[in-house]
Amino acid sequence: MDNLLKYRSEFPILDRSTYLISNSHGAMPKGVYDGLRNYADSWATRGVRAWEEGWWEMAVDVGDKIAPLIGARSGEISLHQNVTLTQAVISSCFDFRGPRNKIVMFDLEFPSVQYFYHEQTRKGARVEIVPSADDIRIDLDKFLAAIDETTLLVPISLVLFRSSFIVNAKAIIERAHKVGAHVVLDVFQGTGTIPIDVRALNVDFAVGGVLKWLCGGPGVAYLYVREDLRTKLRPALTGWIAHRRPFNFEIGPVDKRDDSFGFLNGTPHIPALYACQPGLQILNDVGIAAIREKSMRMTQRLFDAAKSQGWRVNTPENPQERAGTVSIDCPNAQAVSRELLAREILIDYRPKAGIRLSPHFYNTETECDFTISQIAEILKTGAWKKHVAEAEPALT
């Protein structure tokens with residue numbers, strides 16, 4: 001018996017679709033209705049007083065619901081609008097005009113992060129992109145060799161968004177620290193589906209968001225800064241929430257707080273902070289160990305079924321190297337993905353990956369089998385052909 005299926009009733013969309021897209025956007029818990037209603041009630045009845053009755057602290061307090069999922073402690077996380085902004089806050093702590101100004105990234109990194117760091121070349125940064133031998137995994141030895149005494153930042157994803165390959169973050173962190181560089185670990189595709197312990201990894205920074213596996217919706221990203229760095233670093237991207245006495249409205253430089261508030265800036269995104277909490281509560285109730293055990297079982301089922309059909313799978317075969325997604329590159333994958341969506345089978349397509357299937361704790365093995373059978377039927381009947389024209393521009 002699958003005890004995790006008792007949570008299915010918490011997610012309304014599961015009643016009307018096959019939802020295998022949690023790597024892109026987790027299903028909404030019905031508790032979000034109450035969360036947003038609480039926000040509206042606070043605004044309607046308390047008005048400006050809501051700020052001093054909890055709103056002001058939410059950008060750190062809500063982070064305490066994320067902390068157990070990544071091995072952080074209470075008060076160690078600040079919340080922002082998206083991961084690109086967390087990268088910007090981190091980057092603003094450093095000066096790229098000196099001899100230590102290199103940023104090392106792999107070519108399989110999520111594009112938004114690459115775009116951001118390439119733009120830092122205008123401030124003196126040098127960006128080195130390390131190529132991979134294939135679209136599934138990084139070349140670890142080559143990547144480690146690129147991290148040298150001129151390296152300042154190493155932004156890496158723990159789980160690659162296309163292939164779901166789990167990167168050896170420990171080896172990269174150890175190499176970076178040996179030469180005096182800092183690692184920014186993006187755990188977006190890992191948190192909520194694999195065990196993560198940022199303190200055990202001794203990582204400098206960790207970032208991610210609640211949109212995907214945490215079922216928290218858009219508008220909330222999290223930033224973990226290692227304890228010793230919280231007092232040492234001063235973000236140039238700052239604002240009044242980072243100031244020790246914000247309501248004194250003092251002019252001049254910021255008197256930065258030494259805790260996680262010191263990495264915040266302007267007025268926080270209160271509605272999104274309400275909306276994300278039901279999903280975080282459910283994930284903490286379920287537990288990452290139970291989620292990982294079920295995820296490995298379901299992804300293996302999808303992997304084996306796809307291989308038995310003769311389809312290419314752009315995901316590691318070894319379950320220890322694979323997170324929560326299986327990327328199936330069947331013939332005419334983009335057009336097939338459109339037909340799946342038309343049939344209320346919610347998945348996505350990515351170039352160099354294929355159709356990404358991402359079962360979560362609330363999914364069933366029957367849904368996994370049904371999706372594979374539907375792909376086979378779509379290919380056999382040619383139902384994909386009607387989507388060829390609309391699939392011409394590659395989805396990103």
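**Salt bridges and a helix pair**

Lys-386 is exposed, because its relative accessible area of 58% lies over the 50% cut-off. The model in which this residue sits is predicted. The partner of Lys-386 is Glu-339: their side chains form a salt bridge, with 3.5 Å from N to O. This pair joins distant parts of the chain, since Glu-339 belongs to helix H13 (residues 333–342) and Lys-386 to the segment after helix H14 (365–381), 47 residues apart. Glu-339 has a relative accessibility of 5% and therefore counts as buried, the limit for that class being under 20%.

Side chains of opposite charge can pair when their charged atoms come close. With nitrogen and carboxyl oxygen within 4 Å as the criterion, the count for this model comes to 29 salt bridges.

Another of these pairs is Asp-348 with Arg-350, where the closest N and O atoms are 3.6 Å apart. Here Asp-348 and Arg-350 are both buried.

Asp-259 and Arg-257 form a further salt bridge, and their closest N and O atoms are 2.7 Å apart. Asp-259 has 28% relative accessibility, so Asp-259 counts as partly exposed. Arg-257, at 25% relative accessibility, is also classed as partly exposed. Both values fall between the limits for buried and exposed, which are under 20% and over 50%.

Salt bridges also occur as a network in this model: Arg-244, Arg-245, Glu-250, Asp-255 and Asp-258 are linked in this way.

The other topic is helix packing. Two packed helices are described by the angle between their axes and the distance between the axes. For helix H4 (residues 83–91) and helix H5 (residues 111–119), the angle is about 30° and the axes are 10 Å apart. That angle makes H4 roughly parallel to H5, because the class takes in angles under 35 degrees. The crossing of H4 past H5 is right-handed.

Which residues of H4 and H5 meet? On the H4 side they are Thr-84, Gln-87, Ala-88 and Ser-91, and on the H5 side Ser-112, Val-113, Phe-116 and Tyr-117. Sorted by class, the contact of H4 with H5 holds four nonpolar residues, four polar ones and no charged residues.

Methods: Residues are numbered from 1 along each chain as its sequence is written. This is a predicted model: local features need pLDDT of at least 70, side-chain atom pairs count only at pLDDT 80 or more; totals for chains, interfaces and linings use all residues. Side-chain values use heavy atoms; hydrogens and water are left out. Axes are lines fitted to C-alpha atoms, for helices over the stretch in contact, and angles run from 0 to 180 degrees between N-to-C directions. Helices (H or I, at least four residues) and strands (E, at least two) are DSSP runs, numbered from the N terminus. Angles under 35 degrees count as roughly parallel, over 145 as roughly antiparallel, 65 to 115 as roughly perpendicular and the rest as oblique. A crossing is left-handed if the near helix is turned anticlockwise from the far one by less than a right angle, and right-handed if clockwise. Contact means heavy atoms within 4.5 Å. Ala, Val, Leu, Ile, Met, Phe, Trp, Tyr, Cys and Pro count as nonpolar, Asp, Glu, Lys and Arg as charged, and the others, Gly among them, as polar. Buried means under 20% relative accessible area, exposed over 50%, partly exposed in between (1.4 Å probe, protein chains only).
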